Amino acid sequence: MEIVELKKIIKNEITRVENEFTFEERQANLKSQEVAKYIDHTLLKATSTPSDVEKLCNEAKDNSFYAVCVNPTYVNLSKEILTDSNVKVATVIGFPLGANTIETKVYESDNSIKNGADELDMVLNIGRLKVQQYDYIYDEIHAISSLTKDSKKVLKVIIETCYLSKEEKIAAVVISKLAGADFVKTSTGFGSGGAELEDVALMKFLVGNEMKVKASGGIRDLETALKMIGCGADRIGTSSGLKIIQGKI
């Protein structure tokens with residue numbers, strides 16, 4: 001898509017946000033066990049071992065989490081462990097900086113799909129977004145969404161909200177939507193900040209019913225998870241899944 005057209009659409013959405021968006025903190029009325037279906041049970045530490053991943057996958061099966069989210073090296077192992085379950089396997093692309101080339105991200109995506117990934121959480125190129133190279137951002141997301149659509153997989157675009165202005169957040173969400181992503185996601189959990197309720201609400205306002213929103217980064221208890229869902233999160237990325245579903249308000 002041409003950059004002139006992208007800038008026009010983004011400008012219109014910024015105006016719409018200014019005129020129509022208001023933030024009100026909300027909390028979902030769900031039992032702790034009902035929250036499990038929202039959770040991507042996550043393990044992305046550099047020191048993660050195969051036995052750590054096996055433990056993660058078994059926890060996900062035992063507690064009916066929606067998915068596990070692991071580094072690409074453990075996609076095949078996770079798929080093998082979860083074969084006879086309903087738990088999906090998610091992995092990360094261009095993680096955690098988003099600064100890989102488009103070609104690298106496409107290869108990583110294709111390789112992960114071949115290894116059994118059901119969902120890809122891709123970090124967009126933050127530096128190029130900040131200098132308004134919107135056509136580049138569109139091209140990288142579209143290149144990967146073409147793969148995921150052909151293989152009936154799910155693409156989540158991580159926009160890393162902690163580094164973005166409000167206008168940049170709007171631009172990232174709008175481009176992700178136009179380029180064919182299935183989700184927009186707040187954070188890697190490796191940046192300077194994590195998910196914020198107002199950002200989740202803003203993202204949901206922008207995507208409406210056409211896409212979904214994943215909140216991740218710093219969600220460690222049931223109350224926070226319920227607020228994220230109340231403000232529009234369709235999925236919760238967390239390494240504290242067990243603590244959340246065992247928690248009480």
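**Pockets and barrel**

Reply: In this predicted model, the largest pocket holds about 410 Å³ of space. Its lining comprises 19 residues, and the closest to its centre are Thr42, Thr188, Gly189, Thr238 and Ser239.

Me: Which elements give two or more residues to the lining of the largest pocket?

Reply: The lining has 5 nonpolar, 10 polar and 4 charged residues. Elements that contribute two or more of the lining residues are strand E1 (39-43), strand E7 (212-216) and strand E8 (235-238).

Me: Which helix gives the most to the lining of the second largest pocket?

Reply: The second largest pocket has a volume of about 150 Å³. Among the residues that line it are Phe21, Phe23, Ala201, Lys204 and Phe205. By class, this lining has 5 nonpolar, 3 polar and 4 charged residues. With 3 residues, the helix that gives the most is H8 (residues 197-207).

Me: How many strands form the closed barrel?

Reply: Strands of a sheet pair through backbone hydrogen bonds, either parallel or antiparallel. Here the pairing is parallel, and the order E1-E2-E3-E4-E5-E6-E7-E8 closes into a barrel of 8 strands. Neighbouring strands of this sheet are turned against each other, direction ignored, by an average of 25°.

Me: What is the bridge partner of Val157 in E6?

Reply: Strand E5 (residues 154-158) and strand E6 (residues 183-185) run parallel and are joined by 3 bridges. In E6, Val157 has as its bridge partner Val184.

Me: At what angle does helix H4 run to E3?

Reply: Helix H4 (residues 102-114) lies across strand E3 (88-93) and strand E4 (119-123). Relative to E3, helix H4 runs at about 160°.

Notes: Residues numbered from 1 in each chain as written. Predicted model: local features only at pLDDT ≥ 70, side-chain atom pairs only at ≥ 80, totals over all residues. Heavy atoms only, no water. 1 Å grid on protein atoms, 1.4 Å probe; cavity = no way out; pocket = protein on both sides within 12 Å on 5 of 7 lines; lining within 4 Å. Points joined across faces, edges and corners; volume = space filled by probe spheres on them. Helix = DSSP H or I, 4+ residues; strand = E, 2+ residues; numbered from the N terminus. Nonpolar A, V, L, I, M, F, W, Y, C, P; charged D, E, K, R; others polar. Pairing = 2+ DSSP bridges. Axes fitted to C-alpha atoms, helices over the stretch in contact; angles between N-to-C directions. Contact = heavy atoms within 4.5 Å.
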